[in-house]
Amino acid sequence: MATRRNPRFKECRRLGVNVCGHPKAMKRADAPAFRKTHKVSEYGRQLIEKQKVKAYYGILEKQLRNYYAKAQKKEGKTGEVLLSTLECRLDNLVYRLGIANSIRMARQLVTHRHITVDGNVVNFPSTHIKVGQVIALKEKDRKNAQFKKCFLEMNKSPLPYLERDDDNFCGKLIAYPQRKDIPVEINDQMVVEFYSK
């Protein structure tokens, strides 16, 4: 299974936003060595927005192209549908619920069979979660100090489309995400323009 293994902090500085969610990711972003002095073209701006989507959700180019093709066929604005679909990936929701402290850790938890969906173990990070489905940490993993710390200390105020249950180490998707509620700094219209060429 292919995964993104590029340096996270360097990528955050290049894109200009904290895509990995680490508090120290943008620490050196204002240093003179990392300031951009050249003018960025229209194509360059579109490319950066597309790269942000890949970085935020930990996906590769081929996967993003497939998601974009599916988003085009659905009703609504393509960019908003694309982000809403990506937001409903299992690995992303594990991260949003606070079970993991990064998208990479969330992906690893899923592939190592620590996560259940409606009581069944699911080990595919790209699994699309439907409204009403419950995502939980496996019973035997709830005693793990790192998992417990992540879930109880992170994301105490979940997003409007998620519902957390702190006692049972689980959460539920209660509605499909609206663009205004998705916490990513992306100009989705530029992503659409990039792929529509």
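This report describes the helices, the sheet and some of the contacts in one protein structure.

The model is predicted: local features need pLDDT of at least 70, side-chain atom pairs count only at pLDDT 80 or more, and totals for chains, interfaces and linings use all residues. Residues are numbered from 1 along each chain as its sequence is written, and side-chain values use heavy atoms, with hydrogens and water left out.

**Overall make-up**

The protein has 8 helices and 5 strands. Helices (H or I, at least four residues) and strands (E, at least two) are DSSP runs, numbered from the N terminus. Along the sequence their pattern is α-α-α-α-α-α-β-β-β-α-β-β-α. Of the 197 residues, 46% are buried; buried means under 20% relative accessible area, exposed over 50%, and partly exposed in between, with a 1.4 Å probe and protein chains only. Among contacts with a separation of 6 or more, 57% are between residues 24 or more positions apart. Contact means heavy atoms within 4.5 Å.

**Helix pairs**

Helix H4 takes part in both pairs in the table. The axes are lines fitted to C-alpha atoms, for helices over the stretch in contact, and angles run from 0 to 180 degrees between N-to-C directions.

| Pair | Axes come within | Crossing angle |
|---|---|---|
| H3 (residues 61-73) and H4 (residues 78-87) | 9 Å | roughly 125° |
| H4 and H8 (residues 188-195) | 8 Å | roughly 105° |

Angles under 35 degrees count as roughly parallel, over 145 as roughly antiparallel, 65 to 115 as roughly perpendicular and the rest as oblique. H3 and H4 are therefore oblique to each other. On the H3 side, Leu64, Tyr67, Tyr68, Ala71 and Gln72 meet Thr78, Val81, Leu82, Thr85 and Leu86 of H4. The residues of this contact comprise 7 nonpolar, 3 polar and no charged. Here Ala, Val, Leu, Ile, Met, Phe, Trp, Tyr, Cys and Pro count as nonpolar, Asp, Glu, Lys and Arg as charged, and the others, Gly among them, as polar.

H4 and H8 are therefore roughly perpendicular to each other. Thr78, Gly79, Glu80, Leu82 and Leu83 of H4 make this contact with Asp188, Val191 and Val192 of H8. The residues of the contact of H4 with H8 divide into 4 nonpolar, 2 polar and 2 charged.

**The sheet**

The 5 strands form an open sheet in the order S2-S1-S3-S5-S4, with antiparallel pairing. Two strands pair if DSSP finds at least two bridges between them. S2 (120-121) and S4 (162-165) are the edge strands, each pairing on one side only. S1 (residues 115-117) pairs with S3 (residues 134-137) over 3 bridges, and isoleucine 115 has leucine 137 in S3 as its bridge partner.

S4 is joined to S5 (residues 170-173) by 4 bridges, with arginine 164 opposite glycine 171 in S5. The hairpin of S4 and S5 has 4 residues between the strands, and in this hairpin phenylalanine 169 takes a positive phi near 50°. In a regular strand the side chains alternate between the two faces of the sheet. The covered face of S4 has Leu162 and Arg164, while the uncovered face has Glu163 and Asp165.

**Helix H6**

In H6 (residues 103-111), the buried residues are Ile103, Met105, Ala106, Arg107, Leu109 and Val110. Their cover includes H2 (42-57), H5 (90-96), S1 and H7 (145-153). Arginine 113, which follows H6, has a positive phi near 65°.
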